[in-house]
Amino acid sequence: PTRVAESLALTFCLPLSFFEAPELPQDKAATTFRKKSTTRILTDRKVSRVFSEGSRLWRETSEKSGNKTCDLTEKTAGSQTAEEAALSLREAMGISGDSPIRSVTRLAEHCGVGVIDVLLSQSVGEDEYSGISRPSTHEHRPLIACVNSRPGAVQRMTLAHELGHLIFDHDLLTHPKVRSVEERRAFAFAGALLLPEEMMIREVDEGTTLNQFLRIKARYGVSVGAIVVRAERLGLISSMRSRSLHIQLNSRGWRQNEPV
């Protein structure tokens, strides 16, 4: 085994210590993806393996530099729902009820969570993967990674989504499916964190137009599609109005290239 490891280290220009890293309890937890349901298992495994190595490097760097450990669970203790957890986190971080969150990356870092902006330099499932994390009760220095370079609004929602997983979904045995309870809850948390209910009630009703939604996007840094979903979830617009707005998004080509 030593000779094989030495040969691999030479071939792939890696230090021998790469092959000596022990598997820790937190490494056995399932990863949580923000992705489409059409991704291939082989690609899922590749992204997971690169993320595992990133997590190991972040853990070691964080420990050696004396960076704080994650306190997300303390900040959201007692929260039963995604809405409650988002409100608790905003209060713990001193963010007023309807204020926008200027940087989700900085928010995560202040909670002791590492963030990788682009996990893979080469494009891997560019339109299929957004983010990844591995929630575990054993991991005190968790990492969130955006898989590919994405528009700012998508990246912000992705980071908030994975924060939701880190709060609620410790030590899963398998990856949550796209329409699982875990995924729906993570999306609900991200929406509640980035688009506070107080502001949504004031700004949105059944007659709100796409251009008015763009003004909300400009201030809160969330895509129009996500704002529409949040508005329907809060009962501020009907399912029929939500469907109409999504059709308008498609007809204007905003699904792929949303303005602002």
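**Notebook: rings, charges and a helix pair**

I looked up F18 to begin with: F18 is partly exposed, with a relative accessible area of 29% (buried is under 20%, exposed over 50%, partly exposed in between, with a 1.4 Å probe and protein chains only). This is a predicted model, so I kept in mind that local features need pLDDT of at least 70 and side-chain atom pairs pLDDT 80 or more, while totals for chains, interfaces and linings use all residues. Residues are numbered from 1 along each chain as its sequence is written, and side-chain values use heavy atoms, leaving out hydrogens and water.

F19 is partly exposed too, at 32% relative accessibility.

Next, ring pairs. I counted Phe, Tyr and Trp rings (the six-membered one for Trp) with centres within 6.5 Å; planes under 30 degrees apart are stacked, over 60 edge-to-face, the rest tilted. The count came to 2 aromatic pairs. F18 and F19 form an edge-to-face pair, 5.1 Å centre to centre with 80° between the planes.

Then I checked charges over rings (NZ of Lys or CZ of Arg within 6 Å of the ring centre and within 35 degrees of the ring normal). K35 has its charged end over the ring of F33, 5.1 Å from the centre. R252 lies over the face of W254, 5.0 Å from the ring centre.

Last, I looked at two helices (DSSP runs of H or I, at least four residues, numbered from the N terminus). Helix α4 (residues 82-92) packs on helix α7 (residues 181-194) at about 40°, axes 8 Å apart (axes are lines fitted to C-alpha atoms over the stretch in contact, with angles from 0 to 180 degrees between N-to-C directions). Contacting residues (heavy atoms within 4.5 Å) include L89 of α4 and F189 of α7.
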